[in-house]
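Let's take a walk through a protein chain together, one step at a time. Keep the sequence and the 3D view open as you read.

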Amino acid sequence: MTVTMVDINNGYEQKFQADRHHKEIDLINRDPKQVNEDVVKVEFEDVIAEPEGTHSLDGVWKASYTTFTVSKYWCYRILSAILGIPVALLWGFLFACLSFCHIWAVVPCIKSCIIESQCLSRIYSLIIHTFCDPLFESLGKIFTSVRVVLQKEV
């Protein structure tokens, strides 16, 4: 069996195309662009706080902290395990539809409006230069001899 350069190039092209959809993800830093930095980063102290003079029993406070933290952790884990993939599918579909609309409808529509407005602006410019410029030049020549004097009487 003989391997040619075409076979090798085709292999590289196929690998490049496959890698475009399967990039490595970071399992440690899952929010590298800090999308949810201030939005959902909620701790016990951000939600429940007892002011001076109004304190519950220490055991209740510790148990509340543990209950809040553990229930938030496991509830998120369970919800993401059950709904994570369907919601990711939904968002993928939504952003695919938005991309499709933007690529196939919005940008061509905007481009069409720009082309039409350039055509209309040339016609408008032609009309202004043809009719208004001579009129305003004539009015300017008529009023060049007008002198305005302002006197202040005391």
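A handy term to begin with is relative accessible area: a residue is called buried under 20%, exposed over 50%, and partly exposed in between, using a 1.4 Å probe and counting protein chains only. What you see is a predicted model, where local features need pLDDT of at least 70, side-chain atom pairs count only at pLDDT 80 or more, and totals for chains, interfaces and linings use all residues. Residues are numbered from 1 along each chain as its sequence is written, and side-chain values use heavy atoms, with hydrogens and water left out.

Start with the overall layout. The chain has 3 helices and 0 strands, which gives the pattern α-α-α along the sequence. Helices here are DSSP runs of H or I with at least four residues, strands are runs of E with at least two, and both are numbered from the N terminus. How much of the chain is buried? Of its 154 residues, 1% count as buried. The chain exposes about 15,100 Å², and carbon and sulfur atoms supply 67% of that area. Accessible areas like this one come from the Shrake-Rupley method with a 1.4 Å probe, and for residues only the protein chains shown count as cover.

Now look at the loop between α1 (5–21) and α2, where you will find Q34. Q34 has a phi near 50°, a positive value in a residue other than glycine. With a relative accessible area of 45%, Q34 is partly exposed.

Next come the aromatic rings. A pair of aromatic rings is described by the distance of the centres and the angle of the planes. Rings of Phe, Tyr and Trp (its six-membered ring) pair if their centres lie within 6.5 Å; planes under 30 degrees apart count as stacked, over 60 as edge-to-face, and the rest as tilted. A search of the whole structure finds 6 aromatic pairs. One of them joins F44 and Y65: their ring centres are 5.4 Å apart and their planes stand at 85°, so this pair is edge-to-face. Because F44 lies in helix α2 (residues 44–47) and Y65 in helix α3, the pair ties together parts that are 21 residues apart in sequence. F44 is buried, at 2% relative accessible area, whereas Y65 is partly exposed at 37%. Another edge-to-face pair is Y73 with W74, at 5.3 Å centre to centre and 90° between the planes. Y73 is partly exposed at 40%, and W74 is partly exposed at 47%. There is a cluster to spot as well: F44, W61, Y65 and F68 form one aromatic cluster.

Helix α3 also holds K72, a partly exposed residue with a relative accessible area of 36%. The C-alpha atoms of K72 and F44 are separated by 9.7 Å, although these residues are 28 apart along the chain.

Follow helix α3 (residues 58–142) to F95. F95 belongs to a nonpolar surface patch whose members include V70, Y73, W74, I78 and L98, with about 1,200 Å² of accessible area for the whole patch. Patches are made of residues with over 30% relative accessible area and no salt bridge, joining like charges within 9 Å and nonpolar side chains (Val, Leu, Ile, Met, Phe, Trp, Tyr) within 5 Å. A salt bridge, in turn, is a side-chain nitrogen of Lys or Arg within 4 Å of a carboxyl oxygen of Asp or Glu.

An unreviewed UniProt entry annotates residues 78–105 as "transmembrane region"; such annotations may be inferred rather than shown by experiment. Over residues 78–105 the chain is 100% helix and 0% strand, with the end C-alpha atoms 39 Å apart.

Finally, how many disulfides does the structure hold? There are 0 disulfides, a disulfide being a pair of cysteine sulfur atoms within 2.5 Å. The sulfur of C97 has its closest cysteine sulfur in C101, 6.6 Å away, which is too far for a bond.
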